[in-house]
Amino acid sequence: MKKNILIRNAAAIMTGLPGEKARSPVSDIRIENGVITEMGSGLRAQPDEQVLDASRCVIYPGWVNTHHHLFQSLLKGIPSGINLTLSPWLQAVPFSYRRSFDEKRLRIAARIGLVELLRSGCTTVADHHYLFQPGQDFDAAAILFEEAQALGMRFMLLRGGATVTRKLEDHEKLQQATETLDQMLASVQATAKHFHQTGPMAMSKVAMAPTSVHVSLPTQELKEVARAARSMGLRLHSHMSESVAYIEHCREKFGCLPIEYLAQNEWLGPDVWLAHLVHLSPAEIKMLGETRTGIAHCPQSNARLADGIAPAPALAKMGSPVTIGVDGAASNEAADMISELHFAWMLHRAQAGALSRAKPEGHGEEGGDATAVEQIIHWASQSGAQMLGFDGVGHLASGMAADLAVYALDDPRYFGLHDSALGPVVSGGRPHIKWLVCGGKIILENDIPKGLDLERLGMQAQAEVQALLAMQS
C-alpha cells in the first residue's frame, strides 16, 4: 500500500487553530510518512501517492478527547441511575458494577468506546481508568493501550486509583481494595516506562491521575504524588469541582474551597488539567487562569447528572486551556465528540441568553457570540493535544501529524447549508466519514474501522450486557 496520500478538492478545511487561522483558504493536503508536508490548491499527484477525492467534503483535524472512562461503555442507560445526581449515581452505576470487569469485559468495553469515538472523528483519546486493585490478575493498562493501537489511535492512559476508601464506597457491596501509595507509584512508573513516549508525534502517553484527588488520597500524599509525577515527566489529572458535594467536602474537611486545596498541595500548573470544574468561585477561576491549569470540559455528562454548566468561556478568557472530554458512556450514554461539540456550542449561548436582561436594566438580547464554532473546534483539537503534551499533533498545517477527518455532508440534515465548513458542529448528528486518518494512516473508511467486524462487536456487547444483568439480579 502506498504510504503517501494526497487529499484533493475539499470544499473547506478547518485547521483547529484559533482566530483568523481557523479556516484554511486551500483545498488540498499532501501527506508523506505520516506528516502533512504541503497544503495548497490544485496540487498534482505524485506516482507514489494514494489520491483521495474530497469533493463536496469538509476536512477537520482529528478530535482530541481529554477525559473518558472506556470501561463504562457497557454501562449505558442503567435504569437505577438514569435520574440521579452525581453522588447517588456513582453508587448505583460505576461503583456497583466495577467488580464485574475482568480482562475480557474490559477489552470489549474499551473496543466499543474507541470505535464510537472513531466514528465521530476522534483520533486521540485520554482514558481516565481507575479500576486498579492490589493482586489484579490482568494488566488493565496494557489492555487499553493494545485496543487503541489495534485501531490505529493515539492513546493516553490517565492512571487513576486511590489509596483510601471514600464515604460513598463505605458499603460492603461497593467497597474494593485500595492500593498503598508505594504500590500506586510503582505501578505508574512501570506503566510509564513501557508506554510513555516523548518527542513529537507520540502515539502513547501516561499521566498520573488519582480518581478524585480530594478524596482519593490523604492530604499528606498529595504533594508526594505530584512531585513523583513531575519527576517521571508525567502530567497530572483528576476529577474536580464536578458537583456542589466537592465544595461541601473541602469546606468541612479542609476549611477551604477545592481549587484552594489543590493550590496548597502543588496540584495546579500548566502540566495539570482537571475534569468538569463546574462549580467555581471567581477567585478559583482567577487562580486556575493565573496558573494555566486546564479543564476537560464535559458538558453533556454534566447536564445529564444535573451538575451544572462549567464556566469554560470564562476560564478561557482568564488563560486556562479549555479542552473537551466526552466522559464515560454511563453518564453520557454515548461516546461521540460531534454531539459533545454541538452541545457545547449551544449550551453557553443558551446560558448567556438566560442571563440577559431587558433594557434599560440590562443590554437586551445578548449571548449569540458566547461560543464560536471556530473556538469549539480549537478546544477539541489543538488545545486538547497541547494540554495532553502530544507535540506536533492537533491542528492542520505543514509539518504537523496527519490526523484528520474527511466528512461527507451527504445526509439531508446537512442539505441547504450556506457554509458547509461549519456543518459538523452546527448541524450536529454524525456526519458520514469518508476517511479518518491518524499519523498518515487511513484507520476508518466509509464509517467502518479498518479490520473490525461491527456486527460481531454488537453481538459481544449484547452478551456482556445480559451477563451483567444476570449478575445484578
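Predicted model: local features only at pLDDT ≥ 70, side-chain atom pairs only at ≥ 80, totals over all residues.
Local features need pLDDT of at least 70, side-chain atom pairs count only at pLDDT 80 or more, and totals for chains, interfaces and linings use all residues. Residues are numbered from 1 along each chain as its sequence is written, and side-chain values use heavy atoms, with hydrogens and water left out.

Start with helix α3, residues 103-118, and helix α17, residues 454-472. Helices here are DSSP runs of H or I with at least four residues, strands are runs of E with at least two, and both are numbered from the N terminus. Two packed helices are described by the angle between their axes and the distance between the axes. For α3 and α17 the angle is about 130°, and the axes lie 10 Å apart. Axes are lines fitted to C-alpha atoms, for helices over the stretch in contact, and angles run from 0 to 180 degrees between N-to-C directions. The two helices are therefore oblique to each other. Angles under 35 degrees count as roughly parallel, over 145 as roughly antiparallel, 65 to 115 as roughly perpendicular, and the rest as oblique. The crossing of α3 past α17 is left-handed, meaning that the near helix is turned anticlockwise from the far one by less than a right angle.

Now look at the residues in between. From α3 come K104, R105, I108, R111, I112 and V115. They meet L454, L457, Q460, A461, E464, A467, L468 and M471 of α17. Contact means heavy atoms within 4.5 Å. By class, this contact has nine nonpolar, one polar and four charged residues. Ala, Val, Leu, Ile, Met, Phe, Trp, Tyr, Cys and Pro count as nonpolar; Asp, Glu, Lys and Arg count as charged; the others, Gly among them, count as polar.

Salt bridges come next. The term covers a side-chain nitrogen of Lys or Arg within 4 Å of a carboxyl oxygen of Asp or Glu. The count by this rule is 18. One of them joins K104 to E464, with the closest N and O atoms 3.4 Å apart. K104 sits in α3 and E464 in α17, so the pair ties together parts that are 360 residues apart in sequence. Buried means under 20% relative accessible area, exposed over 50%, and partly exposed in between, with a 1.4 Å probe and protein chains only. K104 counts as exposed because its relative accessibility is 55%. E464 counts as buried, at 6%.

Helix α3 also reaches another partner. R107 forms a salt bridge with E147, the closest N and O atoms being 2.9 Å apart. R107 lies in α3 and E147 in helix α4 (residues 140-151), so this pair ties together parts 40 residues apart in sequence. R107 is partly exposed, at 21%. E147 is buried, at 5%. R111 forms a salt bridge with E147 too, at 2.7 Å between the closest N and O atoms. R111 is buried, with a relative accessible area of 19%. E103, R107, R111, E146 and E147 are linked in a network of salt bridges.

Two other sites complete the tour. R230 is found in helix α7 (residues 219-231) and counts as partly exposed, at 31% relative accessibility. Leaving aside neighbours within four places in sequence, R230 is in contact with L236, E266, L268, D271 and V272. V35 belongs to strand β5 (residues 35-40). Not counting residues up to four places away in sequence, V35 touches R30, M201, G399, M400 and A402.
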